[in-house]
Amino acid sequence: MTSKLSEVLEEIRHDRRFAGRIVHVEEIPARAAVYAEPEIPLRNLIRRALASIGIERLYAHQGEAIEAARAGKNVVIVTGTASGKTLCYNIPVLESLAEGAGTALYLFPTKALAQDQLRGLTRLLETDPSFAEAIPAGTYDGDTSRYGRRKLRDRGRIILSNPDMLHAGILPNHPAWSRFFSLLRFVVLDEIHAYRGIFGSNVGNVIRRLRRIARHYGSDPVFLCSSATIANPRELASRLVGGEVVVVDRDGSPRGPKRFVLWNPPFLDPNGVERRSSNVEGKDLLVRLVREGVPTILFARARITAELVYRYAREDLERRARRLAGRIAVYRGGYLPEERREIERRLFSGDLLAVSSTNALELGIDVGSLGASILVGFPGTIASTWQQAGRAGRTEEEALAVLVAYNDPIDQYLIRHPGYFFGRTPEQATIDPENPYVLERHLRCAAHELPLAADDAALFGDLLEPIAEALEDFGKVTRVEDRWFWALTDYPAAEISLRNMSDATFTILEKTDEGEPRTIGNVDAISAPELLYPEAIYLHEGETYFVRDLDFEQRVATVERKEVDYYTQAIVDSTIRLGKVREKGSLRGGETLLAEATVTWMTTGFKKIKFYGLDSIGWGKLALPPQELETVALGIVPGPDAADRLGRFGLRVVEGLAGLRNLLLVVLPLHAMCDPSNLGGVVESSNLGSPALFIYDRFPKGLGLSERGFATLGTVLAAARELAEGCPCAEGCPSCVGQPRPPLLHHDPDLLQGDPIPNKEAALRLLAIFGSAPE
């Protein structure tokens with residue numbers, strides 16, 4: 001593999017078809033292993049189990065983590081991909097459970113990861129028949145049979161699940177789990193860097209509910225966490241578990257050499273504005289590596305991109321190497337469980353040579369030995385970039401990672417400043433478990449599980465009593481002496497999703513010739529009008545499906561297989577209405593505000609985009625019902641003289657605000673470590689009677705992102721100015737003040753190149769007025 005990758009990269013360097021694409025190659029040297037054993041040697045049973053899977057010695061971080069866990073300390077392990085983090089929790093758990101009674105709960109962000117980790121755990125347990133018999137283990141999730149669930153509930157000692165099942169399936173039914181909870185010694189939280197933003201804030205509350213139930217049954221488990229490298233692992237783990245943690249971050253695992261390539265598609269026009277499609281560039285690289293026999297994973301930023309690259313690559317291979325066309329696949333959310341499991345199996349076994357995936361495969365699912373990782377577009381955070389790049393080279397062999405840049409602001413900034421990326425510390429992970437809206441939902445669940453009491457504030461914070469009193473006013477709970485009891489017969493956890501702004505999902509049904517519709521996927525209710533509107537083209541496994549109907553009442557989209565040579569993209573319009581202003585701030589040349597706001601948006605039309613192209617070949621109008629969001633917004637309001645000062649140069653404030661909006665929607669997610677889809681932005685005049693920019697959280701009641709922007713606006717504006725000034729264009733382009741990534745899961749970033757571009761000079765002069773640069 002070493003010589004193969006080196007040869008392939010050198011061939012690409014000297015291939016005239018790829019001339020000028022490679023702008024930087026970072027050589028990441030190999031690293032030797034550092035070993036360290038725990039002070040008290042491992043039990044012979046554990047030693048034999050490890051030896052049977054080829055492990056004779058422990059890395060330094062593994063020994064340190066085992067010592068901390070043995071001492072009863074909460075731990076977070078922060079080491080690289082494929083560094084053996086799993087053994088950091090498996091060994092102390094198995095040691096403890098082998099000594100006598102006890103149970104452990106393993107929580108993973110996805111069902112796929114839980115099932116993958118069960119395979120590794122089973123390999124350890126099956127090294128000794130008595131070991132496996134004494135410690136029954138299994139996955140408990142939505143794919144587990146009724147018999148399997150009952151068996152695990154009654155006999156299981158290690159349960160592998162996910163926060164969603166714990167939230168909606170286990171905690172509400174805790175009396176049936178009394179044996180398990182009374183013996184609970186360990187809770188494992190794997191891949192905690194995935195628990196950020198909305199999802200992480202919800203998970204933090206689920207863990208507080210878990211601790212409350214465990215104490216009810218007389219147990220107080222130790223939390224063993226693992227994470228990719230982020231800036232604040234101690235803070236994140238402490239916020240998740242609600243207690244102090246010990247950080248283990250001295251990575252002792254070996255690493256093979258890696259080349260990390262920054263790749264920029266060439267310009268298509270002499271003015272240097274439009275670049276060749278990044279999707280097609282990624283496809284070309286994928287096909288080249290597949291034809292060379294290099295196992296490869298390609299990460300796409302959106303579901304539609306993963307589907308497009310897969311379709312393009314399959315068609316290319318059918319022309320050039322038909323025998324290989326069946327050895328690639330596409331993997332993303334929204335597929336049925338059995339489809340995802342089959343792809344995982346084929347990838348791990350080596351039957352698949354390549355997969356085009358969203359970040360669904362970013363987490364630690366064992367996908368076998370991959371030689372290369374292609375990232376089509378910057379994933380949004382430094383942490384995710386290294387995580388995706390780390391999926392290749394999960395051994396001591398050489399590996400290749402390639403970041404194919406989009407023609408958008410942050411990607412082009414990284415291309416121009418490779419030192420920024422390779423020298424930068426990964427971002428912080430932000431969660432807010434005490435967000436009132438999030439907390440209120442989980443206090444309803446907690447009251448349903450056990451009566452709330454004032455001393456539960458030690459877990460849930462000082463807002464417990466005010467929220468409980470509000471729930472009492474609305475008839476949700478009844479107060480008896482010093483406790484609040486659930487007063488209704490409904491099941492609150494069933495109504496609350498941990499991951500989406502919307503708790504509802506739409507089913508996608510395919511009309512077939514047999515007459516009986518077939519379920520082919522699902523999508524959350526917020527995305528449905530942006531993806532499954534009538535006449536949309538829905539891509540599934542690279543095939544095109546025509547959307548016949550979107551039924552909002554039944555939450556069903558009806559599609560039919562139809563071969564077309566185009567795909568569609570939604571046109572979404574939004575408006576904002578300000579409510580109560582919470583806070584105001586000063587800004588040189590204007591003011592800032594933080595306010596409650598109602599955002600209304602709707603899909604008003606769609607564009608038809610020909611495959612392999614960037615231009616629209618048609619469009620259609622839509623009349624779908626609007627959606628509303630009560631949230632929090634950051635406002636930036638130019639002062640009364642801003643128009644005059646810009647007018648001297650023939651510029652308008654609205655132009656400057658439009659460019660600034662696009663810059664902030666790129667920069668602010670990097671500071672808050674949120675997904676770009678968590679933020680939206682509007683420039684309008686109807687609220688204040690003069691042009692203003694509003695950046696808002698795309699989550700009910702907000703999640704603290706606008707607050708963070710309000711508090712650090714000087715830093716954020718300076719970063720926006722640096723991004724714009726660092727772009728070599730004169731008038732503005734997609735690499736600076738051009739359209740940012742829209743908050744749509746299914747929007748193709750390639751298409752942003754054709755959108756109108758605000759005036760760069762207006763944005764920079766407005767930033768100068770605001771004081772982030774000398775005018």
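This is a predicted model: local features need pLDDT of at least 70, side-chain atom pairs count only at pLDDT 80 or more; totals for chains, interfaces and linings use all residues.
Which residue stands opposite W484 in β17?

Residues are numbered from 1 along each chain as its sequence is written, and side-chain values use heavy atoms, with hydrogens and water left out.

**Stop 1: the domains.** Colour the chain by domain: domain 1 (4-29 + 257-422), domain 2 (44-248), domain 3 (436-495), domain 4 (505-564) and domain 5 (574-601 + 627-769). These bounds come from an automatic or database domain assignment. Between the C-alpha centres of domain 3 and domain 5 there are 37 Å.

Stop 2: Select β15 (residues 452-453), β16 (residues 477-480) and β17 (residues 483-486). Strands here are DSSP runs (E, at least two residues), and helices are runs of H or I of at least four residues, numbered from the N terminus. Two strands count as paired if DSSP finds at least two bridges between them. The sheet is open, in the order β15-β17-β16, with antiparallel pairing. β15 and β16 are its edge strands, each pairing on one side only.

Now show side chains. Four bridges join β16 and β17, and the residue opposite W484 is R479. Two bridges join β15 to β17, where A453 stands opposite R483. In a regular strand the side chains alternate between the two faces of the sheet. In β17, W484 and W486 make up the covered face, while R483 and F485 make up the uncovered one.

Next, select the turn of the hairpin formed by β16 and β17, which has two residues between the strands. E481 in this turn has a positive phi of about 55 degrees.

**Stop 3: the five-stranded sheet.** Move to the open sheet ordered β19-β18-β22-β21-β20, where the pairing is mixed. β19 (518-524) and β20 (537-540) stand at the edges with a single partner strand each, so one side of each has no neighbour in the sheet. Neighbouring strands are turned by 35 degrees against each other on average, direction ignored.

Select β18 (residues 505-510) and β22 (residues 556-561), which run parallel and are joined by four bridges. L509 has T558 in β22 as its bridge partner.

Definitions and conventions. Axes are lines fitted to C-alpha atoms, for helices over the stretch in contact, and angles run from 0 to 180 degrees between N-to-C directions. Buried means under 20% relative accessible area, exposed over 50%, partly exposed in between (1.4 Å probe, protein chains only).
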